[in-house]
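Here are some notes for a colleague who is coming to this structure for the first time. They are meant to be read with the sequence and the model in view.

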There are 6 protein chains.
Amino acid sequence: MKILAVGCHPDDLEIGCYGTLAKYVQLGHEVSVCHVANGNLGHVEIMQDELRKIRFEEAAEAASVIGAKHYSVDANDLYVTADDDELVRRLAQVVRKSQPDMIITHYENDYMNDHVQTYQALMRASFAASLPHWDLEAMKAGEQVAPVCPIYHMDTLSGLGFIPTEYVDISDTIELKLKALACHRSQIDWMRDHDGIDFLDFVRCCSRVRGYQCGAAYAEGFRANINYLRMTAKRLLP
Amino acid sequence: MKILAVGCHPDDLEIGCYGTLAKYVQLGHEVSVCHVANGNLGHVEIMQDELRKIRFEEAAEAASVIGAKHYSVDANDLYVTADDDELVRRLAQVVRKSQPDMIITHYENDYMNDHVQTYQALMRASFAASLPHWDLEAMKAGEQVAPVCPIYHMDTLSGLGFIPTEYVDISDTIELKLKALACHRSQIDWMRDHDGIDFLDFVRCCSRVRGYQCGAAYAEGFRANINYLRMTAKRLLP
Amino acid sequence: MKILAVGCHPDDLEIGCYGTLAKYVQLGHEVSVCHVANGNLGHVEIMQDELRKIRFEEAAEAASVIGAKHYSVDANDLYVTADDDELVRRLAQVVRKSQPDMIITHYENDYMNDHVQTYQALMRASFAASLPHWDLEAMKAGEQVAPVCPIYHMDTLSGLGFIPTEYVDISDTIELKLKALACHRSQIDWMRDHDGIDFLDFVRCCSRVRGYQCGAAYAEGFRANINYLRMTAKRLLP
Amino acid sequence: MKILAVGCHPDDLEIGCYGTLAKYVQLGHEVSVCHVANGNLGHVEIMQDELRKIRFEEAAEAASVIGAKHYSVDANDLYVTADDDELVRRLAQVVRKSQPDMIITHYENDYMNDHVQTYQALMRASFAASLPHWDLEAMKAGEQVAPVCPIYHMDTLSGLGFIPTEYVDISDTIELKLKALACHRSQIDWMRDHDGIDFLDFVRCCSRVRGYQCGAAYAEGFRANINYLRMTAKRLLP
Amino acid sequence: MKILAVGCHPDDLEIGCYGTLAKYVQLGHEVSVCHVANGNLGHVEIMQDELRKIRFEEAAEAASVIGAKHYSVDANDLYVTADDDELVRRLAQVVRKSQPDMIITHYENDYMNDHVQTYQALMRASFAASLPHWDLEAMKAGEQVAPVCPIYHMDTLSGLGFIPTEYVDISDTIELKLKALACHRSQIDWMRDHDGIDFLDFVRCCSRVRGYQCGAAYAEGFRANINYLRMTAKRLLP
Amino acid sequence: MKILAVGCHPDDLEIGCYGTLAKYVQLGHEVSVCHVANGNLGHVEIMQDELRKIRFEEAAEAASVIGAKHYSVDANDLYVTADDDELVRRLAQVVRKSQPDMIITHYENDYMNDHVQTYQALMRASFAASLPHWDLEAMKAGEQVAPVCPIYHMDTLSGLGFIPTEYVDISDTIELKLKALACHRSQIDWMRDHDGIDFLDFVRCCSRVRGYQCGAAYAEGFRANINYLRMTAKRLLP
């Protein structure tokens, strides 16, 4: 199976579903990850251009930790919008390249606009990628149509306002998840050294409570996107 | 009474509420239908410009089957957005021309972005149409203000995620509904011949289950839009 | 049409739906009202047995104000439960006697147990009343089966936690509603004289806001009970 | 795996989940079915005692059609309540005998009190069955504790008010499901001959729409019971 | 202020709200705790009568850890029901004795019947306690009416299905909470020694995630009971 | 404490939360109000440019009535969108200038697009205002970062579709609220003289019902925005 996970910032997928993605890889599936925003505003000291490059590298390293292919759409922080045709085109290209059997992305009521727009841009891109007459030039140049496929929403940050309907046991991949998250040094180190926040503990603790909820040591929670063409009569989560 | 139904693609209203619209017409009401997207990406072989024309004709024919007036806003598929001022202007013109006592449109959580944007564009257009100082030139040229009126949401495709609060018995108009739907040959024939999908059976079957839910042979389900200026103390559905 | 309204305490229907019931009567329909609890604990000074009689009389007087037939199930306050077979039997008798085309009752999440149990007892009684082999002796004695019919939930006290999906314009019957409510002197007078609460203002004000919500001077709000055999493809509210 | 399905009336499971149960059996799992009410009021002509026996036989025959073990708790129609200690004891015995890895039952907001009480009685019975010191005499006589296990809610009648979060493709077992349902001649024949209702068409049509919703020819819809000790990190549905 | 917390089993309040209760005590408020079930079925080896006594002592000790007054209604496990008049009478006595300004109890959709019934019995008892003519003999013997007061629902076990609307920072009382929980040796020790479950870690971890959600080291989550006479225009939580 | 309230049209905050804002001021807090749309289409006779100026003055006067600082973002009516970078920049400037400890704004499901977009633009602006590298030139010119802070949603117009979770008693400030609302003569007078609508009665009546719901003479209702970084373990409402 081919799985595509689309997050907003360079560390969002690590927080929300990297345990699950690592498990997919271990089971022999092909996983692609894509961050839509480049994270260029996510630091107090490092300036935008430099940070954008650093965070791309951190995300690439995190993807390699779990053995996922890494894509970026490279929108600037705070400027992600589903109305951006070019952003949607680039996201649809990622969908066509990765040919997913299922997609994981943010929840529709997530905590900031860039996250919500990422979901909505993905919805637009997912339909675009499936239409043979969309972006005809790219098609002539060899791009392949990607069928509309099921979508799962990963947990929100700290689980606020999110009631999972399905769980994935990540007891075997929690350390990989945290190792991948730790690649985001520009975020993790800063928070630890300057704000006294241990973000790895935060994420471990949330995964542990999701585990308690479903009888596993560690887990991640998901909700299926209940829409036409998105539901299927089998479990796609590992 | 004057009823305006606003759907996204050329066949969406046929699927969601043409039984009800046909019933309105039979009861002597004046029905206008409007599709916002031109459906130009909805085929595997027919190219965009040609398809756009074909689908306009199919929609016009479907409207004539039930005796409705036919409008189109002519946005390109995948590019419907409530942020498009020109699209909203054209939609507001349709509202002002049709002077509706009530409007039927998509559900706010529908399955694709173009559908959701159609609803949101309609909300914007509906307010715009009611304001005497909006589009002053058009007003001077004779356009009439149309009061804000109640809105009903029609069912989603296959009924996913939609719990109707009101039903319309379409036992007497189910065949008209299907006849109108069958006008969309570019869609129906293709699905039947190439994908083996009998879309007419799909729609009949969904109408039948909505019928079983309310004690009719066939029915369509709706939800009132619960917002200020939209609620009324009587039933507007036929 | 025949309408049965089932409330818990002797004044609950007056507060929640007497404007609507009065309108039904004015339109020529036949309205029956029934309170399940006898209200025997609803006073600080008047003792239970005396209060039970007073409140029955007050309710009977209120029913006569709007021209409704009056029933009582006579359960003691705080002891209403859908598990009480005798209570359900008496309630089913009321259903069979009144032969309703539709029923109005409390909301399923109402604010106190007696109200919720009234709804649940009614559900049980409504099915019981429809079965020819239930209470065979009563049947032999002439009781008639009453078909399962649609149910509407009236507003909660002060509207808390209740979002109406349908409204009834009671501008023409608001004074009758308040006149009927005023019959409950044991409640209204006590609150006014000892607690300084003007309950008639309370109810008028709530009806006024429901009116503002649907464009009427005064209104009452309702929700259809969305269950099999309860939905219908037309409006039953006046 | 061992599956226990607990329905209220003798034909409720057939309508809601027999396609899924048949599929379990075909996959080699062990399926037990149990109806809580004996259905003794479900006919216009046949009297209670006789009907109770007929319906037990019909249910037994239906169970044998799909190869399920058949239990009955034998409560009288309209008298199912989770407060009935004896009913709960008998239901807990069924749980202990069938030792389920998962349970399927009614939805918590189902359309009649007996169905809702069946769910609540099952919740009570499921905990009781898991406690070593509950019904000590039965334990001494050899009854085995049955662990608390996940619960899935099957669809409501006609799907009213129910949004499935998981689907089972029953294309291969729809005919078996209908064959089992047809065993309930006291219900099916009566409705066909006297009320002109084709209940088999009703159920087939609902299964077809659930199929359209998830991309299968026929399907049944379910919701997991989201409670502590009930969630698990894998799919238990077939 | 006087606070009454009513839980089902002897350790439920400790898990759900003892951090908050300890904080109330530290702020000078008067806290009463009451468990409705005696927990007599909550062990694999210790028999019912002995366990009932042990658990009462454990609960009393836990209450003394935070300085709360301790009550018990002493219903048997699995037999808690709001229909039990005697249980409700005893619970109303606790309400009248403790004269609460607010009450904390289980959530209405909690995971097992005894918990849900505890909430419903409390609702009934709370109204009963407020009525001067309820339990007249007790009144004559000196019992005082207790006014209807606001109710808050504490978190569910592991937070499943519960979205808090208000939080209490328990960073200063988390250790007291865990110390009180640890008093329940019959539960904690057994789980640790025989099942390998560290329940103290479970509760600490859940409190930590609730803390992450509201910016505190540790927190407990609550939802106000949105019903007439229960809402107030100020925060009652500490 | 510093409070920022962001409404769409010049009178929206007055209707939704001016009683609460006046109370904040009386308690010594610092309140800033900001309207995003300039209200230039809100009249039948007065033309856009003139109306824009009139309404700014009316809003400024209303703010001075309660002692609040007044800001305007000056977007044209019907053209408010969270995708407008310049609008978001101006709104973020207001956030940075007012340095709020909490923000009050519209509900996410409000009745018209401009209101919903105001909320979404605020979400974007609130994050932007908190990032040191956003709008660097403004930062160099002295703008100060404003931390992400809790958000409360005020009531919808007439309370439609809104269930408050927290209330503020505005009995002491209801007259100030109405006095501030009355400053909007272009709206209030027109409605009274030409449409026969007494908008002050409308608002008073809605505040009275919210009061009845929480035991106050007059009240305003709110819902906390349940998102990461927005929740706090104390009440911020007065």
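1. In this predicted model, the contact between chain B and chain C draws on 17 residues from chain B and 17 residues from chain C. The area buried between chain B and chain C comes to about 1400 Å², and carbon and sulfur atoms give 62% of that area.

2. How many salt bridges are counted between chain B and chain C? The count is zero, whereas two residue pairs in polar contact are found across the interface of chain B and chain C, both at pLDDT 80 or more.

3. As for the elements involved, β6 (166-169) and α8 (199-214) of chain B each supply at least two residues of the side of chain B that touches chain C. The largest share of that side, four residues, comes from β6(B). Sorted by class, the side of chain B that touches chain C consists of 10 nonpolar, three polar and four charged residues.

4. Turning to another pair of chains, a rotation of 180° with 0.0 Å of shift along its axis superposes chain A on chain D, with an RMSD of 0.0 Å. This is the relation of a two-fold axis. The same surface serves both copies, since 100% of the contact residues of chain A recur in chain D.

5. Which residue of chain A comes closest to the rotation axis? Of the residues of chain A, that is A:Arg235, whose C-alpha lies at 3.1 Å from the axis, and a reader who wishes to find the axis relating chain A and chain D may begin with A:Arg235.

Terms used: Residues are numbered from 1 along each chain as its sequence is written. Chains are lettered from A and ligands numbered from 1 in the order in which they are written. This is a predicted model: local features need pLDDT of at least 70, side-chain atom pairs count only at pLDDT 80 or more; totals for chains, interfaces and linings use all residues. Side-chain values use heavy atoms; hydrogens and water are left out. Copies are superposed by least squares on the C-alpha atoms of residues with pLDDT of at least 70 in both. Contact means heavy atoms within 4.5 Å. Buried area is the accessible area (1.4 Å probe) that two parts lose on being put together, summed over both. A salt bridge is a side-chain nitrogen of Lys or Arg within 4 Å of a carboxyl oxygen of Asp or Glu. A polar contact is a pair of N or O atoms within 3.5 Å; within protein, one must be able to donate a hydrogen and the other to accept it, and residues adjacent in sequence count only if both atoms are side-chain atoms. Ala, Val, Leu, Ile, Met, Phe, Trp, Tyr, Cys and Pro count as nonpolar, Asp, Glu, Lys and Arg as charged, and the others, Gly among them, as polar.
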